[in-house]
Amino acid sequence: MVLALTAAGSVLAPTVPAFAAEPAARADLRADVNRDGRVDVTGGTDAAGEDAWSVGRGALSLPNIDDDSKRCPVTGTGGRPLSDARLAACNDASDTKVNGTADAADLARVRSAPMPGLAGDAKGSVKVTTGAKHTRVFVKRSGGWTHVTARTRLSAAELRSGVEFGVEATDVIRDSAAWDGRAVIRLTVTSGGTTTSDAVTLRVAPLLTHHPVQNTRQVMVTKVRGNGEWERLQRMFVKNLAREVQRAGITEPLVTFEKYGDIWAQDFVEPAYVSMTGPGGKRHVMRVMLRSAQPDREAGRELFEKVRGRNVGVVQVTDRSEPDDWSLNSFGNLETVPPYAHGGRSYPAGRIIMGERKDSGQRPSKVMRTLLKSQGLQDPLLLDTSWLHVGHVDEFVQFLPADTPRGWRIGIADPEAGLKLLRDARQAGHGTTKMFSVPGLAGMPAPKETIAQALSSRHLVADNELAARRIAANLEILKRETGITDDEIVRVPALYTRGTETRGQAADGTRVPLLSRVGGDAGLMKSIEKTGQRRADGGTPSGAVAAPTVQTSAYVPGAVNGILLGRDRYVAPRQWGPVVGGKDIFTEAVTAAYRRAGVKVSYIDDWYTYHLGMGEVHCGTNTLRDASAAWWMR
């Protein structure tokens, strides 16, 4: 497997020779305060504000949680699986060594200004006075990098020429109330009975989620094993996805998850990143795979076992005592609004949105929300997904790049437009046309209802009127928070159902095998009666308060629940809608909606592989995006 790390691909240049300087009367420690990729020990560019930190200025360090040399074990004695805790415990920051040049590239540089007039009895020491539990300092000497301890002493010769230090954080910020990411490093120099000292402040780079304006570099998907018809269809989905990725000009191969068979690649991992400026002003990026807060979801282990490596780390947070909705903790329930500023607030790295069930009070994991908020840049905004069976924001909203001053648009599911398509078709005399054009498979009969039957069914119209109201309410929140206008909204035809029409049951009453997206299954084919560790009829874990709201999922495959491969290339689930005059009316309407937004749509079939499991193309995939831009600038 190859991970695209073009954005991260900077290796620190050879050590910069010590600069000539006037004799220094006092200790003077410098860091890359202005984030230009070098530490200025002669001028004032890095001196001003070295004791403070803000979003736009201040020295950064990286949480050194990758595994550059792949030294971390993934199995125990005799090949037995390691515990989740042991998998997460090992990374490049878990020892006191600098493990090669790639590991050295992850160190933030701090330098002392040369003190050429020092007497021979001079000596120096370095201490982390704030954030010591989460910070490690190394000193560069002829033999390489040496861990700085309380016993480390800097010689007069070192202090005269200037000393280079490397700083790493040992973790990301998990709770800013416990640690806000700051590290204060103090240099103390004693000479001739006189002691002087100076300190600099660094902050660990915030862990940031990707937003869709960042270009796609690589696509992730699960590839299942087995010889059954469903397994064959899932592998065909992967093959078709690879074709669309190649057509979009993405040259890196797919990252395929193959060990645990969990097909919902969007849900058990959220690709994120940390970055600082390296030599020459280039961003040095470390990808961080954020594992979902679902401790019983084994698929997240493959992030440690397969994906973690050079410039790729993994973070997991769990709290088994939390009574949170299992499905809400999937990362299909986390999307990121692209950068914006509105109402006196600025989000230069974008802002996270997540769904909550307001009607029952259920929210995503508190420890996960605390971690995300503690980064200080993408404070999660909660939307109401009570009306959705799975409860994920990706079921009704997306963000699309746009050549506009804002730089992006909102794509929103439009149930009213979906109902209008059916009503117009019926009025035009096509009421007896089959609602779905999907072919049946052995043991998986195709739905048989017609357009007229769908419109006259007990719940369909009411369910979509409910969906329209709930989507409109969420859209008002997004408009209020971001300043987005109606002209910047792409309305995409959609239809939802509570599941009594076709979800898991054919027209003749036959049960249709499916994988429930709200279940904890490891990706095996199961019937609707055996959808794993969570109920398939409500999505709430045992003991949770059941939401009174009608809960729906996509009736026609959800077009907004697709994958953005480029600024103008989008892959949606094949609609399989009614065919009138030789054309699928939903495909025609969806294509037209995206075309008006300057986006070209391709379609791949996910009916039996994802749609019947209450998910779509987006739910079964994930993306690694370009993070070379400075997150502190917009």
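This is a predicted model: local features need pLDDT of at least 70, side-chain atom pairs count only at pLDDT 80 or more; totals for chains, interfaces and linings use all residues.
**A walk through selected regions of the model**

D175 is partly exposed, with a relative accessible area of 34%. Leaving out residues up to four places away in sequence, D175 touches T370 and S374.

The strands β19 (residues 351–356) and β20 run parallel and are joined by 4 bridges. Within this pairing, G355 has L383 of β20 as its bridge partner. In a regular strand, side chains alternate between the two faces of the sheet. Strand β20 (residues 381–384) is covered on both of its faces, with L381 and L383 buried on one side and L382 and D384 buried on the other.

A further sheet is open and consists of 3 strands in the order β21-β22-β23, with mixed pairing. Its edges are taken by β21 (397–401) and β23 (489–493); each has a single partner strand, so one side of each is left without a neighbour in the sheet. On average, neighbouring strands of this sheet are turned by 30° against each other, direction ignored. Strand β22 (residues 408–414) runs antiparallel to β21, and 5 bridges join the two. One of the residues involved is F399, whose bridge partner in β22 is I410.

Helix α9 (residues 460–482) packs on it and touches β21, β22 and β23, its direction making about 170° with that of β22. Helix α10 (residues 585–596) lies across β21 and β23, and runs at about 170° to β23.

Helix α9 also has a helical partner. Two packed helices are described by the angle between their axes and the distance between the axes. For α7 (residues 415–430) and α9, the angle is about 150° and the axes are 8 Å apart. On the α7 side, the contact is made by P415, E416, L419 and R423, which meet V461, N464, E465, A467, A468 and I471 of α9. Sorted by class, this contact has 6 nonpolar, 1 polar and 3 charged residues.

Helix α4 gives another view of helix packing. It covers residues 229–247, 19 residues in total, and reaches 27 Å from its first C-alpha to its last, close to the 27 Å expected at 1.5 Å a residue. An α-helix has 3.6 residues a turn, so residues three or four places apart point the same way. The buried residues of α4 are W230, E231, L233, Q234, F237, V238, N240, L241, E244 and V245. These buried residues pack against β11 (216–222), β26 (563–566), β27 (569–573), β30 (600–604) and β31 (621–625). Just after α4, G249 takes a positive phi of about 85°.

N91 is found in the loop between α1 (84–89) and α2 (101–104). With a relative accessibility of 9%, N91 counts as buried, because the cut-off for burial is under 20%. Apart from its neighbours within four places in sequence, N91 is in contact with N64, I65, D66, R71 and C72.

Conventions
Residues are numbered from 1 along each chain as its sequence is written. Side-chain values use heavy atoms; hydrogens and water are left out. The expected span of a helix is 1.5 Å times one less than its number of residues. Buried means under 20% relative accessible area, exposed over 50%, partly exposed in between (1.4 Å probe, protein chains only). Contact means heavy atoms within 4.5 Å. Two strands pair if DSSP finds at least two bridges between them. Axes are lines fitted to C-alpha atoms, for helices over the stretch in contact, and angles run from 0 to 180 degrees between N-to-C directions. Ala, Val, Leu, Ile, Met, Phe, Trp, Tyr, Cys and Pro count as nonpolar, Asp, Glu, Lys and Arg as charged, and the others, Gly among them, as polar.
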